[in-house]
Amino acid sequence: MTQYLLKATVLILLGAIAVVMAFIAKYWAPDRTVAELKQWQLPNSEFINIQGMQAHVSQSANCHANRGNAAEKNRPETIVLLHGTSASLHTWEGWTKALSDQYCVVSMDLPGFGLTGPYVDESTRYSSENYAAFVIQVLNYLKVDRVTLAGNSLGGKVAWRTAALYPERVNRLILVDSVGYPATSKHIPIGFKLAKYPMLSPILNRTLPRSVVEKSVLSVYADNSKVDEKLINRYYELTLRQGNRQALSRRLNETDDESDQLQIKQLDMPTLILWGAKDDLIPVENAALFHRDIRDSQLKIFDNLGHVPHEEDPFATVDVVKQFLISESGNG
C-alpha cells in the first residue's frame, strides 16, 4: 500500500511539473529593456535621475515657457498627474492634450511601473510615503514649486499623501477613484490576485499570458468596447519592462496600514473628487467618504464609467476638471 501511494505521489508530482513546464513554454515572456520599449517614449518625455533611477517624465510645451523667469505670475500653472497600479503616464494622454494649451502638464511613471522601473535601492518600500517623496524630488528637479496634484487609484493616494506631507507644495487636489479607505472590491484584476502570492514569483516573473492583461484591463472599464488591441498591448508591454513584475508583487504586499487615513481630514486645499459609478475595484461609496472628510470638496460621479474614468472618457472627465480649475483659479 505504501509503495502504491509513493508511486501515485511521484506521478502526481511529475504531472504537476509537466503542467508548469507547459505553461512556462506557452507563456514565456522575458523582461524587456527600456531600449526595447522605446516606442512608449513620448515626443515630450525624458528620463531624469531620481534616486538613481532613470524616471520617465513628460512635460507639455507650456512647462518650458518662462521657466527661470523670476516673475511667478508669468509662469503657467502646473498640473501633475499620477497614474494607478500597473498603469503609466500614458493613461493621462487625453487630459494632457486637453489641458496643455493653458497649463504646464507634468506626468510621470511612478517607481515600479512604466518605463521608470523599480527602485534601485531594493530596501525602499513601495509605500505611499516613499512615492510622495519621489514626486517631490521630481518637482524639485523640474524646479516646480506649487502644483495642482491629480491622481487615480494608487496615484490618488500618492496625491493626497503628498498633499498631507508637503502641503506647501500643493495648491489643489484632484482625486480620481482614489485609494484611501477600506474597500470591498466586486472584482479584482486577475493579475493583481496572482502577483500577491510571492511563491508564484519564480513563474510569474518569467511568464505573462496576454489574456491575463486583457482581462485585467477589461475589469477596470465599464464599456468593454473601448478596450482595443493597442490599449491592451501598451499595458502588456510596459508590464514586461525589466523589474516591473517583481515590483508589482512587492507593491501589492507592502501596502500601507490604515493609520494614515486620518490625514484625509487634515487636508486643507480645494479638492475635486471624480468617480466612476461602475468602479468594481473601489466602490463609489468611497467617493462619499472623501467628500465627507475633505472640507469644501467637490464631488462628481460619472454614471457610466469604471475605475479609470479619466482614461475611459477623457473628454467628459476633463471638462469637469477645467471648470474646477477655473472656479478655484484664485488658489493657483
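## A cavity inside the model

Welcome to this structure, which holds 1 cavity of 30 Å³ or more. Keep in mind that you are looking at a predicted model. The largest cavity has a volume of about 90 Å³. Its lining is made by Ser86, Ala87, Gly112, Phe113, Gly114, Leu238, Thr239, Asn244, Arg245 and Leu248.

Sorted by class, that lining contains 4 nonpolar, 5 polar and 1 charged residues. Two helices, helix 8 (229-239) and helix 9, each supply at least two of the lining residues. Helix 9 gives the most, with 3 residues.

## The largest pocket

Next comes a space of the open kind. The largest pocket has a volume of about 810 Å³, and 27 residues line it. To find its centre, look for Val179, Tyr181, Ala183, Arg251 and Thr255, which lie nearest to that point.

The lining of the largest pocket divides into 11 nonpolar, 7 polar and 9 charged residues. Helix 4 (154-165), helix 5 (190-195) and helix 9 (244-253) each supply at least two residues of this lining.

## The overall build

Stepping back, you can count 12 helices and 8 strands in the protein. Of its 332 residues, buried ones make up 50%. Among contacts with a separation of 6 or more, 77% are between residues 24 or more positions apart.

In soluble globular proteins, nonpolar side chains tend to be buried together. Here, the largest nonpolar core has 48 residues, and Leu82, Met108, Leu173 and Phe290 have the most contacts inside it. Helix 3 (residues 128-142) contributes the largest share of this core, 7 residues. A second, separate core has 19 residues, including Tyr103, Ala150, Ile174 and Val321.

Leaving aside neighbours within four places in sequence, Leu82 is in contact with Trp92, Met108, Leu110, Val135, Leu149, Ala150, Gly151, Asn152, Gly155, Val158 and Ala159. One of these partners, Met108, is also among the residues with the most contacts inside the largest core.

## Helices with a buried face

Helix 10 (residues 285-293) has Asn286, Ala287, Phe290 and Asp293 as buried residues. Seen down the axis of helix 10, these fall within an arc of 140 degrees, so they line one face of the helix. Glu285 and Arg292 are exposed on the other side of helix 10. The buried residues pack against helix 4, strand 6 (170-176), strand 7 (271-276) and strand 8 (298-302).

## A closer look at Thr96

Apart from neighbours within four places in sequence, Thr96 is in contact with Leu81 and Val105.

Note on methods
Residues numbered from 1 in each chain as written. Predicted model: local features only at pLDDT ≥ 70, side-chain atom pairs only at ≥ 80, totals over all residues. Heavy atoms only, no water. Core = buried A, V, L, I, M, F, W, Y, C linked by side-chain atoms within 4.5 Å. Buried < 20%, exposed > 50% of the residue type's maximum accessible area, 1.4 Å probe, protein only. Helix = DSSP H or I, 4+ residues; strand = E, 2+ residues; numbered from the N terminus. Contact = heavy atoms within 4.5 Å. 1 Å grid on protein atoms, 1.4 Å probe; cavity = no way out; pocket = protein on both sides within 12 Å on 5 of 7 lines; lining within 4 Å. Points joined across faces, edges and corners; volume = space filled by probe spheres on them. Nonpolar A, V, L, I, M, F, W, Y, C, P; charged D, E, K, R; others polar. Arc of directions from axis to C-beta.
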